[in-house]
Amino acid sequence: MSNTRKFYIDGAWVAPTDSSFLDVINPSTEAPFDQIAMGNTADVDKAVAAAKAAFGEFSETSVSNRIQLLQRILKGFNERREEVAQIMTREMGAPITFARDAQTYTCFAHIEAMIKILENYSFEERQGTTQIAKEAIGVVALITPWNWPLNQVICKVIPAIAAGCTIVLKPSEIAPLDAIIFAEILHDAGLPKGVFNLVNGDGPTVGEALSRHPDVDMISFTGSTRAGILVAKAAADTVKRVTQELGGKSANIVLDDADLETAVSTGVSICMSNSGQSCDAPTHMLVPSAVYEQALDIAARTANALNVGDPQDESVELGPLASEMQFNKVQTLIQAGIDEGARLVAGGVGRPKGFTKGYFARPTIFADAKPSMAILREEIFGPVLVISAYHTEEEALAIANSSHYGLAGYVQSADTDRARSVARKMRAGSVFINYPDWDVMAPFGGYKQSGNGREGGPHALSEYLEIKATVGYYS
């Protein structure tokens with residue numbers, strides 16, 4: 001890749017203000033394989049100025065013009081989809097089949113969905129004598145994570161473009177290369193200069209500068225709750241809109257009429273998918289006390305059968321964790337679970353047998369955890385599942401809702417009406433009944449400390465729009 005040591009600002013690839021570079025590490029080998037430039041406040045100022053200058057004209061473009069632009073972006077993405085999948089495997093360890101079938105598939109689906117939404121979206125409506133108009137909010141700063149790297153970029157960039165906003169993106173410095181490819185796709189699609197800008201860097205420097213910048217009208221952040229709090233505080237002085245998709249500790253309630261084998265084994269597989277590095281992963285399974293030990297046996301068997309290995313191998317199900325920092329965090333929390341007295345049912349600390357390098361973690365199952373334990377309070381973000389027993393449906397709901405997170409919830413039952421009743425009582429932004437197929441139009445976001453705002457579907461577009469009421473517009 002030729003643009004990794006540059007930024008994309010005002011329609012061109014430009015050198016950074018300072019010659020500061022960061023290695024991009026392959027988590028399978030622990031070896032660097034590329035470098036990115038690291039930005040500073042001067043780079044942010046240039047990017048924001050370019051976005052501000054472009055906003056007036058771009059915000060007035062026709063809906064049909066923006067639809068055509070998105071169609072060209074979709075075509076360009078499809079032409080480079082395999083390249084994106086391969087780079088994800090190298091930069092964050094996604095198994096190549098998962099990178100193709102999930103990571104890049106969701107990217108394609110979100111762009112395609114936004115085209116359909118824009119084709120039928122009404123930016124104006126009449127209410128009595130008043131015109132209600134939905135207008136682009138302005139310059140938006142987007143800060144994205146490393147776990148679903150390009151998916152999260154697209155979940156923000158595409159609705160922002162559809163709304164008529166101009167953009168400054170800071171992708172994760174851990175997995176930044178897919179975003180550089182996407183910037184090239186946007187350029188080749190003919191995006192007007194200044195509409196999209198990319199500055200790589202770290203959170204305390206580039207992220208902080210974007211959050212505080214007086215010419216940024218909105219910031220959309222996906223990442224940890226800890227970092228999200230810092231973003232919100234930095235943005236408060238300029239009263240900009242802040243939307244956030246933060247951490248999760250999602251409960252999976254297996255009701256007593258569910259098929260236990262299917263409910264438990266599928267729940268384990270979904271939890272461990274992406275090496276457990278999904279914010280909405282069902283990381284706390286709740287099962288009836290009468291079948292608790294049986295559920296633990298099923299979970300252990302499922303976890304032990306998962307194929308952990310080289311993510312370039314098409315048969316591998318779990319690759320490494322994305323970074324040394326993440327590996328160390330997961331190992332620390334697994335050890336804390338052991339030290340605090342939880343029962344280890346599968347896995348444990350260290351790498352899987354046969355691995356001497358790479359940030360590979362063992363698929364781990366805990367039982368008998370107490371509410372005070374770190375493994376139940378914190379988002380581990382690794383292939384770790386905690387299974388707890390409950391005696392009544394009310395107790396299961398109380399446990400599920402006791403978390404300070406509220407991103408997702410899961411319910412398993414043979415009775416759909418019963419599952420719906422439980423789902424309505426879960427305090428979470430998304431609830432999944434009986435492991436359904438993914439719905440690209442469903443809004444995604446959290447309650448409580450899992451954030452605010454929504455991504456996906458028509459709700460994503462709404463986040464980038466202001467509401468203007470012109471009273472007396474109609475006589």
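## Two helix pairs

Helix α13 passes helix α14 in a right-handed crossing; a crossing is right-handed if the near helix is turned clockwise from the far one by less than a right angle, and left-handed if anticlockwise. The model is a predicted one, in which local features need pLDDT of at least 70 and side-chain atom pairs count only at pLDDT 80 or more, while totals for chains, interfaces and linings use all residues. Residues are numbered from 1 along each chain as its sequence is written, and side-chain values use heavy atoms, with hydrogens and water left out.

α13 (residues 393-401) and α14 (residues 416-425) pack at an angle of about 40°, with their axes 10 Å apart. Axes here are lines fitted to C-alpha atoms, for helices over the stretch in contact, and angles run from 0 to 180 degrees between N-to-C directions. Glu393, Leu397 and Asn401 of α13 meet Arg418, Val422 and Lys425 of α14, where contact means heavy atoms within 4.5 Å. By class, that contact has two nonpolar, one polar and three charged residues. Ala, Val, Leu, Ile, Met, Phe, Trp, Tyr, Cys and Pro count as nonpolar, Asp, Glu, Lys and Arg as charged, and the others, Gly among them, as polar.

For α2 (residues 63-79) and α4 (residues 96-119), the packing angle is about 165° and the axes are 10 Å apart. The two helices are therefore roughly antiparallel to each other, a label for angles over 145 degrees. Their crossing is left-handed. The residues in contact include Val63, Arg66, Ile67 and Leu70 of α2 and Thr104, Cys107, Phe108 and Ile111 of α4. By class, this contact has twelve nonpolar, three polar and three charged residues.

## Two buried serines

Serine 250 sits in the loop between β11 (241-245) and β12 (251-254). Helices (H or I, at least four residues) and strands (E, at least two) are DSSP runs, numbered from the N terminus. Serine 250 is buried, with a relative accessible area of 0%; buried means under 20%, exposed over 50% and partly exposed in between, with a 1.4 Å probe and protein chains only. A polar atom of its side chain lies 3.2 Å from the backbone oxygen of alanine 408. Leaving out residues up to four places away in sequence, serine 250 touches Cys279, Asp280, Ala281, Pro282, Thr283, His284, Ala408 and Tyr410.

Serine 172 belongs to the loop between β8 and α6 (177-188) and is buried too, at a relative accessible area of 4%. A polar atom of its side chain is 3.0 Å from the backbone nitrogen of isoleucine 174. Beyond four places in sequence, serine 172 touches Thr144, Pro145 and Trp146.

Phenylalanine 58 is in helix α1 and is buried, with a relative accessible area of 2%. Among the residues that phenylalanine 58 touches are Arg66, Leu69, Ile161 and Pro192.

In α7 (residues 203-212), the buried residues are Val206, Gly207, Ala209, Leu210 and Ser211. They pack against α1 (41-59), β7 (139-143), β8 (166-170), β10 (218-222) and α8 (225-236).

## Positive phi angles

Glutamate 30 has a positive phi of about 65° although it is not a glycine; it is found in the loop between β3 (21-26) and β4 (31-37) and is partly exposed, with a relative accessible area of 31%.

Asparagine 274, also not a glycine, has a positive phi of about 60°. It lies in the loop between α9 (260-272) and β13 (284-288), and at 4% relative accessibility asparagine 274 counts as buried.

Conventions
Angles under 35 degrees count as roughly parallel, over 145 as roughly antiparallel, 65 to 115 as roughly perpendicular and the rest as oblique. A polar contact is a pair of N or O atoms within 3.5 Å; within protein, one must be able to donate a hydrogen and the other to accept it, and residues adjacent in sequence count only if both atoms are side-chain atoms.
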